[in-house]
Each structure stands twice: as C-alpha cells, then as structure tokens.
Amino acid sequence: MTTNLIDLQHSDVIMATSNMAENHPVGFQWVMKAKERGAKFIHVDPRFTRTSAAADIHVPIRSGTNIAFFGGLINYAIQHNLYFRDYVVHYTNASFLIDPEFKTATDGNGLFTGFDAAKGAYDRTSWKYQLDGEGNPKRDLTLRDPHSVFQLMRRHYSRYTLQMVERVCGIPQAKFEEVAKLYCSNSGREKTGTITYALNLTQHTNGVENIRALCMLQLLLGNIGRPGGGVTALRGHANVQGATDLELLYHELPGYMAQPLRDAHPDLTAYMEKETPKGGFWVNKPKFFVSLLKAFYGDAATKDNEYGYQWLPKRAKADAYSHQHIFVDMYNGAIKGFLALGQNPAVGGPNAKLARSAMQRLDWLVVKDIFLTETAEIWKAPGVDPKTVKTEVFFMPAAPAAEKDGSLTNTMRLIQWHERAVTPPGDVTSDAEFVCTLARRLQALYAGSKKERDRGFLAASFKYGDNPKEPEMVEVLKEINGYATEDITDKDGKVVYKKGQPLNTFAHMTDDGKTAGGCWIYTGVTVEGPDGKLVNKANARKPADDKDYLGHGWGFAWPANRRILYNRAAADLAGKPWSEKKKLIWWDAEAPGNEPSKKGKWVGLDVPDFNPFLAPDAKNGDKPFIMRTDLVGGFFGPLNDGPFPEHYEPIESPVRNLLSKQQNNPVAKIWKVPDQQNELAPTGSAEYPYVITTYRLTEHHLSGVMSRYLPMLAELHHSHFTEISHELADELALKNGDMVTVATPRGKIHVRAMVTNRLKPFVIDGKKVHQIGVPWHWGYNGIAELPGSRGDITNDLSATVGDPNVYIQETKAFMCNVKKGVV
Amino acid sequence: MARTLAMFTDTSLCIGCRACQVACKQWNELGLEVPDWTGTYQNHTHFTDKTFRLVRFIEEPKPTGDLAWLLMSDVCKHCAEAGCLDACPTGAIYRTEYGTVNINQDVCNGCRYCVSSCPFGVVSFNETTGTAKKCTFCNDRIHNGLGPACAKACPTDSIQFGFRDDLVTKAQKRVETLKAMGFKDAQLYGADSKGFLGGLNAFFLLLSKPSTYSLPEQPKLPQRNVVVDSLLSVGSAIVIGLGALLAFRDREQGDGNA
C-alpha cells in the first residue's frame, strides 16, 4: 500500500471495497478511529458484512463489475468538476499528449487501438506520448487538447453514466449518486479520502485493471502521497507483502526486478539495456541487480562472468510458470515433482479438483506444513481409490511463527521481527533450516560436477551464522539488507564501509560488485551501531505518539523507513503543504543544505520520498512520482489489456456486456485442459443461473490449516455454508440450515444454506439476478469430533482462467446452480 | 478494598470479530464445545460452562429501512448486587478486592442456586466437574497486573479495562459524542452505581434499547421477589384451600340431596 494504516485516522472519507472488518480486524481499528473523528465510511460489497455494519452507507454491487463502478466515479468527478485540478495538471500525466493514432474503447466498441484478433493480443505501437524535438513528452496544461490524456480519459469514461452504473452493477442511481457525491467531494487542499481493497479487486480476469481504476480515481482526487489518502492495499495474510518483496513469484527477482527472459535477455548487458528505464529512480537498477547477484553467488560472481548472470534460470516466455500454469503443466505431465512448503493447493487454489488430479499424477510430492493437510494426504481425496495414486508423498513437519525467529512484512510495508517463544518439538524444523539443509545436501551431490551451469549453485552460500544446522535468521536479514563485499573508500581514501559491514542505504549500492544485497528496498533494516554490533531495526519497538504519529520507531517500513509513499505530493508546486490540516512534508528554504554554502531541505512528519535537497523550483523538483520514468502519476499506463481500465464481464456472467460488444477481456487467459477439467458456463446459461462469489471469514485462515484444527476457532462456524438471500431461498423452497448442492461445470459441493437478509438479488438491466456467497476454508481433513472442521472444497467450483498481466484467477465472480438437498 | 476494576464494552466499536470469545476460551482453557446450527454468524446461542464471552449478532433494520447488524460482546456483569453471590449457600461465590465476582471451584458443591439466581443467564453448570462456571474476570491475570484476555485481544478497543470510575466518565462522554453523531438511542447499561443491581462492573454502551441485545430492561434479582412471592404463595394456598373446602361442602350438600 502507498500509505500506512495508522494514517487512515486522518481520512475524511474511507471507501472499503473489501471486507476489511472481517479480514483485517486489527487494521480496522484505524477506520473506527477515523469515524470517531467524524469521517464517513462507505462499504461497497455484494454482501452486507461485519464491515457494512460499521459503515454509514453500504452499497451492494454485483460481483465482477468494479470497473463500471470506478469508471462511474471517474466520470462523475470529471463531469461535476470535483477533481483536484492543480494536482492533476502538475503531478500526473493528464496533460501529456498521446499519439493521434490512439483511440479509446469508446471509439473502438470495447477495444483499444491495435487489437490483433489472430494473436489475441494488442499491438501497443500507438499507446505512447507525442514527443517534442528534445524527446520530452508534449503537454497541454489547459487539458483541452483532444489527444491529451485527460480528454482521452474523459471520452473513455463518458459512457459510464449513472444509468449505466445502475444497469451494469445493480446499484440504484440515487444510491450511486449519494456515494459519488460523498466520496468525490472530499477532495482538494483540505480534504482527502482513501480506498481499501484486497482480493475483491484482484481475483478477476481484469484484476490489475480493477486496481488501476481505483488508482486513477485517487489521482484524480489528489489523494496519493497525502495524509488520509493513498491506495490501501490489504494483503491476504501476515507475510504476503514480504513474500512479494522477496519475490516468491514466477516472474520477478527480489526487489521487483524481472526474472530474465531467455530470448529478450541473453546476457547481462541486454538485460540492463532493456530493463533499465531512462528516467526516474529505476535508473539505479544496475546497482541493485548486480548487488543481488553478489548476494546470490558471493565471490564467484565477478565482472568477467557477468556477476553470474548466466547461472540465473531464464523464463522461456512471459506466459508461463504462474500458479495456474503450474497445475495445468503438472496435469499434462510436464512437471514430475513438487515441493509444497506451507501451501495447500488441494483446497486453496482455483479449480482445486484439477490441482488434486494433477498432484495425483506426480512422481513425488514433498509437503511441509504444521498439520497433515489435504495436499499431504492427496490420495485420500473423496472419490479417489488410493491404489490408483502413484505419487510418493513425503511429509515434513513445520514450525509455525512462534517456534522460530524471523520477520514478517505486513500490509503497510512494515518489517517486524518475532522471536522464538518455544523450541519446536521432535523432528519439526523451520522452513529456513529445511531449505538450507536441502540446498547443502544437493550441493554435496553436485560437488563433482564440472558443468558450467552448476557452478553458481555450488558457489552459493547457505550458511548463516556459526551453527551449520540452524541458520541464524538475523544473518539472513543482514544479507537481504546488503553489505560491503570489500572495504569501500571515498575519494579521499577514507574507509566508508569495512568488508562485511551492513549498508545504511540502497543509495550506497554499486554496480561494480563491491556491494551485495538480497533485496534493495529492505536496505537500512539492519545497520551497525556505534559499538560495532548489528542493530535490527525490525525489532524496534517505540510506539507512535503525538510527536511522531506515524511511529517511525516501531519496526522498519521499506523503503528507507518511509511511511507514506510519493509524499512530495503532500506539498504544492512551491513546496508548501496544500493546507495546514493536511501537512506531511514541505520545503524548508532555511534548513542547512547538502553543502555548507547551500540552504534548503525537505522536512516534515515523514521521511521524504524525494531527493531531500532538490528544491521545488529546480528541474523535476515538482514531480513527486519518482519511481516512474516520467516522474508523474499515470492515468495513461499501458497494461496488456489497455491503457485505461474498461469494463468487461467476467468469463462466466449472467448478462451480456452493456458497455460494448466485447463480452470478456479480449486478452484474458483461458486455459484449455484435457478431460473436461476446465469447462465453462456460457453467458446467460439457464443451467448455471446464479452469480457466485467466494471469500474468507474472520474465524478461519486461508484453506483452514491454521484454524480448522483449533477447536476454539472451528466451533465458531458450525459447518461449511453458503449465504443465500430470502428471495432465492423462497424460489428454491429452502429453509435456513437445509443442505444444498452448489454446482458449476467444474464440480459440486454440499453445504448448508444460511438464509439471510444480508444478501439481496440485484436488478441488472431490468432483470432480477441472484448472487450467492460461499467461504472456502474447508477440506476433507479435520477433527472427527468437530463438525465445523470439515467440509467440501469450495474451490472445486472455480475455473482455471486468469488476468492477462499476472494470471490471477477469477474466484470472485463466476456462475453456479443451487439445488435443494444432496444431489 | 482496592479500587474497583471494570470492563466497559462499547458496542458502537464492536466489529464482531470474536477475538474476545476465542481469547477467553484459549486463556481459560475452556475446551471443545460442539456447536449447534444457529442460522447466523453467532455461535453459541447463550452462555455455557465453556463460553464466558459471547458475541451477539443482532439484525435490526434502521428506521430508513436499511439493514443494521448490531454487534455486541456479552459477558458476566460482575454485579455490585450479585444474585449468584447472594444465593450461594457454601460461600464458594465471593467478591474479590477488585469488586469482581468469582466462583471458588474447590468450594462449589454444585447446588446450582446461582444458575437460577442470575438475571442475565450467565452462570452455567459443568457436568464433568459438577460445579458452576462463569467468567472469572481473568482473576489470575488481574492479580498479576494484566487485563482480562478478552480486553487484551480486542482490536478496536470495544472492550476496555480499567478502574470503574475512570471508565464510567469515559463512557458518559462517549454517549454524548454518539448522540451528537446521530445515534439517538445510544445509552449506557449498568454504569450507574445507583441504578439497578447497584451498577455492573462489566457495563455496556448500547446503540438500541437493552431488550434488542437480549438484556433485561430493568434486571432484578430473583431473591428480591421472595417476600412478595411468598405472600402470594400463602395467599394462593388460602384461596385454593377455601375453594377445596367449598367444593367438598358443595359435594356433601349434593350427596345429601341425592
């Protein structure tokens, strides 16, 4: 998230699009604080939930229509002149001119210029700025030029009217107008608002565009980089931010740098040329990338061998290796072995039946978890004869957080250390110990190899601290932080860093191999104290107070302990706070500068996200978005599915797309899987007439591994259930508590019906559309004496379809049928 | 006696996460309780010998017709005039120096007078131990400088722990704030030490009338009815006795006529 949960208390209006009270109850305290200070709270959700209970307005929305909703708000803000003009003109690319060839989806019947139907992809040649003679983007600060980003955006969203939002989303015009007025009018110098989101926006075939639409609205209202503003991304569990930063992902290396592609990046020079932008802070990428290679391969990485670049695995193509790709490849026999460390794909991923079938075809499967999960007992799946499953399964008991040292990076980029409370029993090991032991034993097996490709792996060190068996986790954090690989001197020959000393800032990283760092954005989390001892700032525990409301003394927030990103935008062009009420950082012209002869510095309540000595009137001193090549916030920002978010219906939908002839995202990923393992319901199918959305409950965690086995949690929900409106229950002659069968073309589950007022049918384009909701925490393992610990696998219902940018699944909106009884 | 401790449960801040319910079960090792289907998110329906904190989920439409979900974490009230304590014949139920009410499990003889004497249905009987059970105000924790587990676990400060007089002042201000924000039915329940049961040491801020939350509007101790009920019983006995006499007399007369 760009902001900080503590800062939510300063919002004048908060719009939760996710179920924040239920899924992020601890962070939700700051929403309650904001309400106490008089903020208005809006909740946009198909269901009335515990979040809605705390809201001033609950807005039910049909699942899968988020862009229609945000597009409606963007259109409303523009039409009613509610956008923050000074911010938009100067801090965003609204004034930039686009190639005249480019046409928006309004003029392309749902498609942008450049769609190639044969390839199923866009040719993005025209999606670019017009440049002047010096190569700088042309701008029109009046925002009137028809090719300006602002005018193109206005035209693109001109179709997203109040009437259209009502027809598509099922939100009555009066209600939408009330929300639009409330949210958009809390904008400008004196006011800010924030929007929270979670998997409600991401798990769609236009997941990335959903978030872009949210970001555009926030830019339009001048809400980014300012107190009480921001994009409040709420991560799905305790360390998913850390897992993303360290890139337990298929397409990136630690610190958000691309995993090399085989053809595009044949050597280090080609990689640097293609991946290093010409402007913005990312011009430093070579320093971060070489430091990463040094952290991987140590002394074996030298200038002569491209710092070991060739030892990195290369991707054959961009469209591969994601979670969904893996299980399709596994089903097709391309993957033979699988390590599932702390993951339960037999329950937790989309099309879980396909995932189980795929794992039942493996040669071997290693599961490391804290309980015997459904994945660990994959041969026990209902309807499967264990004799037919040839997979050899190894189960390794895992230590949970309380049994090991380490850090968690939470949703607000805050790295917090935790210490082992108890020693793990018996053969239980931490993940770090398991991985390091496995790596060292593999190194021993490969010890005699003369192959060039094995050299990097053999050179990598998996030793942290003196105990060869158990890695010392603070040493791992130090490697992530970065350190000098040799003595580093300044121009006068004075030693700045001794060999092995941790780096204080990523600004000290170099591309000559003298520094190593496992994840550049974390630099500064461990520093050397005056006594020469390592100081672990993740373990800092000074709470926020009146002088430092953002709590800079508690943990360490990447980057550079900065709590609100892009905070230069909290000051106006001249460097003054937009208002006293919304001050955060500002230019102090009298403060000592970076040289004795100079004056002026950015100061304030947060660490400036800006060159601290770059004056507002200097070149680029008025451009806050330093991570972008053009240094401004991007309304126009090319993704694989378009430079502006456009509403398309989910792959499975009850209705045709009312906004254009283009029914679905034209570049969405739909996997073809043999044996009818991924069948889809056609639009408006009579067989599967109800919209279904899946979600989590406060009382359970993910696939339930960490919660179903604890009686005090499992007993809080009697059994697996589906939430159904009274209207649908009446149509199906259902009573509260009846068993029902929920079916999709992929599978079916048997659950109890919770008939409730908290769900209502939608009126979509004049027609009644029912939606049901099903949580997904249950599986076939559990505790026999506790009915709440077992249940059918909700993800057997969902499909293997994905977003074209990151291949995330569409589990928030698809189609199903509901029948009374177990059928 | 030490200064009275209290818990103030502000339902306007409750988000129904049930962290209190879980923390209570975990700290007090209350054990597995197989749930019943309630048809809502609330589990269980009432206090039991294994459920001392219970989050209630109450659906009630707002005057505008919009749905409202009132959320409230309910608990033993640790009444200043405690029915359970009055009824206990063995002295197992006692008041601590902090003003909380506790059951000494070693002394409880399982007579269950306390169960029927509680106006809130808080005290429950455990068949295994043969004793009465209820919230202990985390007696072990408060005697070691910690607050109750439920208050510690609450993420939104809906459950606040502290000295009673401080909390009452805070609660009164909070009611005024809420009223100014338009919650016209916001009210304190059990904060007034001159009010019913001499005031509750676990008191509440409610957003609707007490009965909406399954709380008695004017709770009374069953014992307070003894004199009146006894007189009524005597009166009833006399009336029935007279009736019987009259009836027999009638029959005798009838017989005589026959």
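Which residue stands opposite A:I415 in β21(A)? In this predicted model, the residue opposite A:I415 is A:F556. The two strands concerned are β14 (residues 414–418) and β21 of chain A, which run antiparallel and are joined by two bridges. They belong to an open sheet of three strands, in the order β13-β14-β21. The pairing in this sheet is antiparallel. Its edge strands are β13 (406–409) and β21 (556–557) of chain A. Each of these edge strands pairs on one side only.

The overall form of chain A was examined next. Chain A has 21 helices and 33 strands. Its radius of gyration is 27 Å, close to the 28 Å that the globule rule gives for 823 residues, so chain A is as compact as a globular protein of that length. Along the principal axes, its C-alpha atoms fill a box of roughly 85 × 70 × 55 Å. Of the 823 residues, 51% count as buried. Contacts in chain A were also sorted by sequence separation. Among those between residues at least 6 apart in sequence, 69% join residues at least 24 apart.

The domain assignment divides chain A into domain 1 (5–236), domain 2 (573–622) and domain 3 (669–820). The C-alpha centres of domain 1 and domain 3 of chain A lie 29 Å apart. Their contact takes 22 residues from domain 1 of chain A and 28 residues from domain 3 of chain A. On the domain 1 side, α1 (20–23), α9 (199–202) and α10 (207–220) of chain A each supply at least two residues. Helix α9(A) gives the most to this side, with three residues. By class, the domain 1 side that touches domain 3 holds six nonpolar, twelve polar and four charged residues.

Chain B has its own division, into domain 1 (5–220) and domain 2 (223–257). The centres of these two domains of chain B, taken over C-alpha atoms, are separated by 43 Å. Chain B also touches chain A. The contact between the chains takes 29 residues from chain A and 24 residues from chain B. On the chain A side, α2 (29–36), α3 (50–53), α20 (711–714) and β28 (748–756) each supply at least two residues. The largest share of that side, three residues, comes from α20(A). The side of chain A that touches chain B has 15 nonpolar, eight polar and six charged residues.

Several strands of chain A pair in the parallel sense. Strand β1 (residues 13–16) of chain A runs parallel to β2(A), and four bridges join the two. Within this pair, A:I14 stands opposite A:F41 in β2(A). Strand β2(A) also pairs with strand β3 (residues 57–59) of chain A, in the parallel sense and over three bridges. Here the bridge partner of A:H43 is A:H58 in β3(A). Of the five residues of β2 (residues 40–44) of chain A, four are buried, so this strand is largely enclosed by the rest of the structure.

A hairpin is found elsewhere in chain A. Its strands are β22(A) and β23(A), with six residues between them. Strand β22 (residues 585–592) and strand β23 (residues 599–604) of chain A run antiparallel and are joined by five bridges. A:I585 has A:G604 in β23(A) as its bridge partner.

Helix α6 (residues 149–156) of chain A shows how burial can follow a helix. Its buried residues are A:V149, A:F150, A:L152, A:M153 and A:H156. Seen down the axis of α6(A), these buried residues fall within an arc of 165°, so they line one face of the helix. An α-helix has 3.6 residues a turn, so residues three or four places apart point the same way.

Burial also occurs in a loop. A:L734 lies in the loop between α21 (726–731) and β27 (739–743) of chain A. Why does A:L734 count as buried? A residue is buried if 20 or more other C-beta atoms lie within 10 Å of its own. A:L734 is buried because 20 other C-beta atoms lie within 10 Å. Leaving aside neighbours within four places in sequence, A:L734 is in contact with A:I724, A:A729, A:V740, A:A753, A:V755 and A:K820. A:L734 and A:I724 are ten residues apart in sequence, and 9.5 Å apart in space from C-alpha to C-alpha.

How values were computed: Residues are numbered from 1 along each chain as its sequence is written. Chains are lettered from A and ligands numbered from 1 in the order in which they are written. This is a predicted model: local features need pLDDT of at least 70, side-chain atom pairs count only at pLDDT 80 or more; totals for chains, interfaces and linings use all residues. Domain bounds come from an automatic or database domain assignment. Two residues are in contact if their C-beta atoms, placed from the backbone, lie within 7 Å. Ala, Val, Leu, Ile, Met, Phe, Trp, Tyr, Cys and Pro count as nonpolar, Asp, Glu, Lys and Arg as charged, and the others, Gly among them, as polar. A residue is buried if 20 or more other C-beta atoms lie within 10 Å of its own, exposed if 12 or fewer, and partly exposed in between; C-beta atoms are placed from the backbone. The arc is that of the directions from the helix axis to the C-beta atoms. Two strands pair if DSSP finds at least two bridges between them. The radius of gyration is taken over C-alpha atoms; the globule rule is 2.2 Å times the number of residues to the power 0.38.
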